[in-house]
Amino acid sequence: MAPEKNDRSNRIPISFLDADVETSSGAASESGDSDVSDDDQELTNHMATDNEATAPEPESFDAEDSPLQPSPQADGSGEAAPRAGGPEVAELIATRAELKRLESEVKELRDSLARRQADFENYRKRMESKRAETHNRVVADIAAKLLPVLDNLKRALETEASVEASESDEFRHFLSGVDLIYKQLSGVLEALGVKPVAAIGEPFDPRLHEAVVTEETDEYEPDTVMQEIVRGYRLGDKLLRPALVKVAVKK
């Protein structure tokens, strides 16, 4: 209850009358014997007066006072707040700590996975590069051993071409077989990536050509390959053998 204030203009007095006493007194007077004495009536009136004198002062309520709110525990409409340090709080703290640990573990696993993927990609590229280098090296070794055979077949065809007309049919058939072997071997090397170097009619390139003979002529421009003596070959961007050529020079 709010304390009393000096200003009583806003207070509403409430009086509690002892109605039960008056009612009981009236009922007793009506239902009692008719010969009740005057002394008994005076005693009754005196007791009522004493009750009124000793009755407590009626309580007054201030209109400005805020109404009291019932506690949620009293009417059962609300729930009691958890006590500090209770098992619910401890469980909540443990759950949050476990969540943080799991988040950190997930982040570490993702970083590890990203590193593993990057390492695997680098490993794959290195393996592809090494495999290509190994393939080219093996093909270059095989081609280096087969190119002299190809050169000899070509020389045989060029030498026998001049006397082919005067030879017998059997010899011409033999030359046809040699030419067929030469073409087949050239096709195998070309399938492996070995290709001849362009020479005749091309400008002299010291990276691809090796000049063994020069000749003064007006038929070709200066520093132009006139004749291919030995054919050169290349494997991709790698030069297996330069072409041995005759180069034209100005008179």
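Predicted model: local features only at pLDDT ≥ 70, side-chain atom pairs only at ≥ 80, totals over all residues.
**View 1. Arg 231 and its partner Glu 228.** The closest N and O atoms of Glu 228 and Arg 231 are 3.4 Å apart, and the two residues form a salt bridge.

View 2. The side chains of Glu 215 and Lys 246 meet in a salt bridge, with an N to O distance of 3.3 Å. Because Glu 215 belongs to strand S4 (residues 209-216) and Lys 246 to strand S8 (residues 243-249), the pair ties together parts that are 31 residues apart in sequence. Glu 215 is partly exposed, its relative accessible area being 32%, while Lys 246 is buried, with a value of 17%.

**View 3. The pair Asp 205 and Arg 207.** A salt bridge of 3.3 Å, taken from N to O, joins the side chains of Asp 205 and Arg 207. Asp 205 is buried at a relative accessible area of 17%, whereas Arg 207, for which the relative accessible area is 67%, is exposed.

**View 4. A network of salt bridges.** Here Glu 98, Arg 101 and Glu 105 are linked to one another in a network of salt bridges. For the model, the count of salt bridges comes to 10, including the one between Glu 228 and Arg 231 and the one between Glu 215 and Lys 246.

Notes:
Residues numbered from 1 in each chain as written. Heavy atoms only, no water. Salt bridge = Lys/Arg side-chain N within 4 Å of Asp/Glu carboxyl O. Buried < 20%, exposed > 50% of the residue type's maximum accessible area, 1.4 Å probe, protein only. Helix = DSSP H or I, 4+ residues; strand = E, 2+ residues; numbered from the N terminus.
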